[in-house]
Amino acid sequence: MLRASARLVAEGNRRAPMERIVYRHDGFTPESEARISLFDRGFLFGDAVYEVTAALDGRLIDEDLHLERLERSLSELEIPMPLPRAEIAGIQAELVARNGLKEGVVYLHVSRGAADRDFIWSEDLKPLLIGFTQTKIVRDSPSQREGIAVDLAPDPRWARRDVKTAMLLGQALAKRAARRRGFQEVWLVEEGEITEGASSTAWIVTREGRIVTRGNSWAVLPGCTRRAVLRLCAEQGLSFEERAFSPEEAQAAAEAFVTSATSFVTPVVRIGDEILGDGRPGPTTRRLQALYLEAVSKPEAAPA
Ligand SMILES: Cc1ncc(COP(=O)(O)O)c(C=O)c1O
């Protein structure tokens, strides 16, 4: 049998992999040959963090913001950076190149490492870094064109949502329940206020035209796309506010949308049973969508 690595075929100067090339702490390898320990704490305890960055025309979007947040998430959990930031950026670039990724996403996961199962870890654990690509339409998807419906559900997550941990079971369960009920995303509710989407930042546009998203705290993940969009709002002189809002206020809003690295600015046209406006993406959302797309489509750089 041919080794998977021998099945790589030459295509011009670039090798087009027949199977995905992934990164696993000591190098690049075909996905079928990548192995991690059964005792990895990411698997046993969810003791891991991650990042996901969009790739467009082979370029990574808002990469600096994502690497900055990765470093912060790791430091909050006292997991050492597995490699310097520049080397991790190099690995991401290499993953994009080796997989010929034009449009899609790059995932990085870092776990505290592997050891005999014990809640208390030893300080000398070596963190495990893995990285992989997935193809995905991140620009001009049907959701971005037509908008999505979001469900409302109690927030089931732990208290430190500002850290991008790989403990995603709460989100996975909430998203699956919403999907079964015909929604594409779910906004999580705690003490009468929306925290955020299960995998996105929640925004509304009030009837007075103010753009509102919740302020950063332990209750929400500080979205990189949120940060980039807020900067665009400031640059364009659009009126915005960082504050919490209730499901009722959201359902009575003129417009709503979500942001994330993998969905950019995606309109929300229904929240629970309430259809917003005429059920079509609103003008402010369209404007921000176009501004963000324009910013990230410039070959030189994404907004930071
Ligand atoms: C819970 C949560 N909030 C917000 C976001 C948006 O963050 P970003 O714009 O950095 O992708 C995500 C993205 O995965 C998320 O999982």
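Mentor: Cys224, Thr225, Arg226, Ala228, Val229, Leu230, Leu232 and Cys233 are buried in helix α6, where buried means under 20% relative accessible area, exposed over 50% and partly exposed in between, with a 1.4 Å probe and protein chains only. Helices here are DSSP runs of H or I with at least four residues and strands are runs of E with at least two, numbered from the N terminus. This is a predicted model, in which local features need pLDDT of at least 70, side-chain atom pairs count only at pLDDT 80 or more, and totals for chains, interfaces and linings use all residues. Residues are numbered from 1 along each chain as its sequence is written, and side-chain values use heavy atoms, with hydrogens and water left out.

Trainee: What follows α6?
Mentor: Gly237 comes after α6, and its phi is positive, near 70°.

Trainee: Back to Arg226, what does its side chain reach?
Mentor: The side chain of Arg226 reaches the backbone oxygen of Arg214 at 2.9 Å, and Arg226 counts as buried because its relative accessibility is 5%.

Trainee: New topic: which residues come nearest to the ligand?
Mentor: Of the 18 residues around the ligand, those are Arg69, Glu196, Cys224, Thr225 and Ala261, where being near takes a heavy atom within 4 Å.

Trainee: Which atom of Cys224 lies 2.8 Å from an oxygen atom of the ligand?
Mentor: For Cys224 it is a backbone N or O atom, while for Arg69 a polar side-chain atom lies 2.8 Å from an oxygen atom of the ligand. In the side chain of Lys164, an N or O atom is 3.0 Å from a ligand oxygen. Taken alone, the ligand exposes 390 Å², and the protein buries 96% of that, with areas from the Shrake-Rupley method and a 1.4 Å probe.

Trainee: And Asp62, is that buried or exposed?
Mentor: Asp62 is buried, since its relative accessible area is 4%, and it is found in the loop between β6 and α2 (63-76). The phi of Asp62 is near 55°, a positive value in a residue other than glycine. Most residues other than glycine have a negative phi.

How values were computed: Polar contact = N/O pair within 3.5 Å; in protein donor to acceptor, adjacent residues only side chain to side chain.
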